[in-house]
Amino acid sequence: MSRSSWKGPFVDGYLFKKAETSRKSGRNEVIKIWSRRSTILPQFVGLTFGVHNGRKHIPVSVNEEMVGYKFGEFSPTRTFRGHQADKKARRS
C-alpha cells in the first residue's frame, strides 16, 4: 500500500537540511545518508548522495528521472554471485 497523497512524500528532516546546506555551500560533495526510505524530491536534483546499503555508502547522483522514487531503490543490499547450478554444469 502506498502513502496517502494528502500527506505528501516522506523525507527525513535531517536529510532535507543536509541537502539545503550542501546546495548553499556550492561544493559538490557526497552527502552520506542512512535513510533509504526517503523519497527523492526535485530539490535533490544535481546532488550526490552516499546511500548506505548495510555495509558501505554507494554514491547516487540524482537526476530528473529519479524524482518520486526512494533512495533505497538505487542502492542494492545483496550481491548476486550467480546460481549454484551454473557452476556444476561447467565442471562436467
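## Helix over the sheet

In this predicted model, α1 lies across β1 and β2, running at about 170° to β1. Angles here go from 0 to 180 degrees between N-to-C directions, with axes fitted to C-alpha atoms, for helices over the stretch in contact. Helices (H or I, at least four residues) and strands (E, at least two) are DSSP runs, numbered from the N terminus.

Residues are numbered from 1 along each chain as its sequence is written. Local features need pLDDT of at least 70, side-chain atom pairs count only at pLDDT 80 or more, totals for chains, interfaces and linings use all residues, and side-chain values use heavy atoms, leaving out hydrogens and water.

## The sheet

The open sheet has three strands in the order β1-β2-β3, with mixed pairing; strands pair if DSSP finds at least two bridges between them. β1 and β3 (57–61) stand at the edges with a single partner strand each, so one side of each has no neighbour in the sheet.

β2 and β3 run antiparallel and are joined by five bridges. H52 has H57 in β3 as its bridge partner.

F44 and F49 are both buried, meaning under 20% relative accessible area with a 1.4 Å probe, protein chains only. F16, F44, F49 and F71 form one aromatic cluster, where Phe, Tyr and Trp (six-membered) rings pair if their centres lie within 6.5 Å.

Conventions:
Contact means heavy atoms within 4.5 Å. Buried means under 20% relative accessible area, exposed over 50%, partly exposed in between (1.4 Å probe, protein chains only). Rings of Phe, Tyr and Trp (its six-membered ring) pair if their centres lie within 6.5 Å; planes under 30 degrees apart count as stacked, over 60 as edge-to-face and the rest as tilted.
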